[in-house]
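Okay, hi everyone, thanks for making time.

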Amino acid sequence: MTFSMYQSLRNVPKDLEEATASFHLSGWQRFWRLDVPFAVPGLVWNTMMSMSGGWFFVVASEAITVGDTTVTLPGVGSYVALAIKQQNLPAVGYAVLTMLAVIVLYDQFLFRPIVAWADKFRFEQTASGTAPDSWMLDLFRRTRALRALSWPFVALQSMVSSIPFRWRLPWPAARASREEPSSRLLDIAWYAVIAAGTAYAGWQIYGYLAASLSPRDLAVAVGVGFVTLARVLVLIALASVIWVPIGVWIGLRPKLAERVQPLVQFLAAFPANIAFPAFVVAIVHFSLNADVWLSPLMILGTQWYILFNVIAGASAFPTDLREAASSFQLTGWRWWVKVILPGIFPYYVTGAITASGGSWNASIVAEVASWGDEQLTATGLGAYIAAATTAGDFPRVVLGITVMCIFVTLFNRLLWRPLYAFGERRLRLG
Amino acid sequence: MLDTVTPKPLVDIHKVSRSFPKGSGDDLLVLENVDLTIQSGEIVGLLGRSGSGKSTLLRIIAGLIKPSSGSAACRGEAIQGPPNGVAMVFQSFALFPWLTVLQNVELGLEALGIEPAERKKRALAAIDLIGLDGFESAFPKELSGGMRQRVGFARALVVHPDLLLMDEPFSALDVLTAETLRTDIIDLWIEGRLPIKSVLMVTHNIEEAVLMCDRILVFSSNPGRVAAEIKVELPHPRNRLDPQFRQLVDSIYARMTQRAEPRAPSIEGIQGTGVGMVLNHVSSNLISGLIESLAGDPYHGHADLPVLAASLQLESDELFHLAEALQLLRFATLNDGDLTLTDAGKRFANLETDARKKLFAEHLVAYVPLVGLIRRVLDERPTHSAPAARFRNELEDYMSEDYADETLHTIVSWGRYAEVFAYDEQSEAFSLENPH
């Protein structure tokens, strides 16, 4: 959400900025009248996405054991944890149904109306093809009684945004002097602060770890890190091979895509860890190899990001390019390689980045799974961190987390960012 | 004994119809009983307003759409999917952004299974022919619109098609570029350097059709039908200022605006009259502007449509919509390709804003049946408000959803200008209240 806000602030259209400046709006007024409304569509979308990630971890952390302390908060997460301990499969089923109902409710009553309402802040001057629809919002707008509910908020907003604060900044106004030396000085100072902070944090971590661990522990952590990395790569590849063709097939049929997209977004919003026990039961029952068969759990919840981004990409593929390809008789693998895959590539990469990030997160919860007294452990960094947490071994927890952060950052920098940049440069349509 | 075999036509379309399923159950007829043959060695033009089905017919011939009834044959065989020997140039260029110019041009050859060395040779020859030498390794996003369309032409020509299909190929280009490209193509055609036998071109630009085509089929809309076939026997290269050229253009303008009598206000249930009239959106600014221009110098209330189009720089489609709106509101009459202001129109030109709005409102309520209906419904209801959906449903009985949307949009825009009713976009409701 923060990143989305940042992107929006950087991309505010120049002519609107100039209009607010020439009408002498103060910084505060400008923030509420221009910056915030402009950021709303992106913010709303990212809030929806963050919500689903939030569910996953709330469910996971409602029942948590660290060393000798076990904390269980009231909630569906500890309900499922208890059901696992008692080997009560029907109870897990009830939890899944409840979760489904809850998500449908807040999707229909909260998020869809907000997304449809946020459409009025969308900047493009021409109407887009299909505006998002929400029966709840329509109901709200057309009934006087419900409309009355929004009056206090409207009043509050106009009061707040008109407060005549006038900031007198001690340095030159933001837009006017971008190139001036004083603002470059500010940049240097800022970078210095960040560098110093990072160095300090790094030194603290090192000191803490060096106190109780040896380089061999580091080697172990890095080793299992590579195992998890391999798992993530294989899973993303598998999910891509399965879901990209299906996504393309659906996306190229608009009526079908319209009906399937909400369903897939719904699946992405569902916290997959509630459904883990069912799989664990199967693994235990058939005595399958935990290393191999626990892996799919990592991608269970995140594969949907690949699917719905590919569907979005295929839906957005220009009709005239499709007609040209058909008219020049491009079929078979040639069509895949030269026509459709480059066309959906930027969308695919967006989906894959989200899926891979989600899988790393999920590894902490998926690489260790239990059913009753049976505990299944796969080798991997997630299991390493989970085991260290349960044992209360703080140095190893810190080590594990540090190694995971470094892995994910490097992975993003070395693989996803270049791919994304390549997509933007070469393959972006229009 | 001499064999009098009539050469087989390249394309043979017989009684082809095409309909799309409407939301409400019955089908919307887009093309009705169209006959068309194309022989070798001619340029045929399909001319018509937007929505007259000419692009649909082109796509049927290109094998991208199937006709609902009738037969379509190309080179003697029924068309099932994109036929061999046919290539298409698109209005929006349809170039693949991730391929270079050379790769884009080679695309069709690849699909035909031609060897790489031969492909490259032919592609380079086509690029040379069309004047793009030196740009082989450029990406489409580095090229201007005119260059991109040249790539589109090269791509189509390199496969040596018998029939070249063109879907409004110059309408996305600016006037100068379009003219250059048009004359280049015609020059190549006259010199016989284009490796094709015939051309089928869709356009809504009347002068372009007369400039380029040997035969023009004029389409009428709702549903699309061939209204007239006009042979153009002027020799190439044609001169726009030639009196025969101008006469031909004039006669086509007259033909295309032929429903000269103002439409009778209320024959309910018949498509195209009464409430079920499709209204294309023209803003009140454009209407006022046209009336003022017509009233002033040099027209003094009477103007020739092609002359008006040229001096106001309007596409023929836009001008037709505007002229018909004026005719509907009884501010002008359309006759034989000429637009003449009525007395009411002359008065409108001389009034100031408030008085204009009043006059506009009078004519709107009197001559546009849908506005009269909305006003009646609003007056009758105790809350003086009505949802737009009620009127949209009625409109959809007579026309497609898209046209219903556009008609409603037009009514809202005119009604607001005339201050006949108010409209709230968020709740999609008409009312007699002033907006708060």
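Let's start inside chain A: 23 residues of domain 1 touch 22 residues of domain 2. Just so you know, this is a predicted model. Which parts of domain 1 of chain A face domain 2 of chain A? Well, α3 (27-61), β1 (63-66), α4 (76-85) and α5 (89-118) of chain A each put in at least two residues. If you sort that side of domain 1 of chain A by class, you get 15 nonpolar, 5 polar and 3 charged residues.

And where are these domains? The domain assignment puts domain 1 of chain A at 1-168 and domain 2 of chain A at 213-430. Their C-alpha centres are 25 Å apart.

Okay, zooming out to chain A as a whole. It has 19 helices and 4 strands, and its C-alpha trace spans about 70 × 60 × 55 Å along the principal axes. Of its 430 residues, 27% count as buried. Now take the contacts in chain A with a separation of 6 or more: 72% of them link residues 24 or more positions apart.

Next up, the partner. Here 17 residues of chain A are in contact with 16 residues of chain B. On the chain A side, α6 (135-142), α16 (319-327), α17 (332-366) and α19 (394-427) give two or more residues each. The largest share comes from α16(A), with 6 residues. By class, this side of chain A has 7 nonpolar, 3 polar and 7 charged residues.

That's my tour, thanks!

Key: Residues are numbered from 1 along each chain as its sequence is written. Chains are lettered from A and ligands numbered from 1 in the order in which they are written. This is a predicted model: local features need pLDDT of at least 70, side-chain atom pairs count only at pLDDT 80 or more; totals for chains, interfaces and linings use all residues. Domain bounds come from an automatic or database domain assignment. Two residues are in contact if their C-beta atoms, placed from the backbone, lie within 7 Å. Ala, Val, Leu, Ile, Met, Phe, Trp, Tyr, Cys and Pro count as nonpolar, Asp, Glu, Lys and Arg as charged, and the others, Gly among them, as polar. A residue is buried if 20 or more other C-beta atoms lie within 10 Å of its own, exposed if 12 or fewer, and partly exposed in between; C-beta atoms are placed from the backbone.
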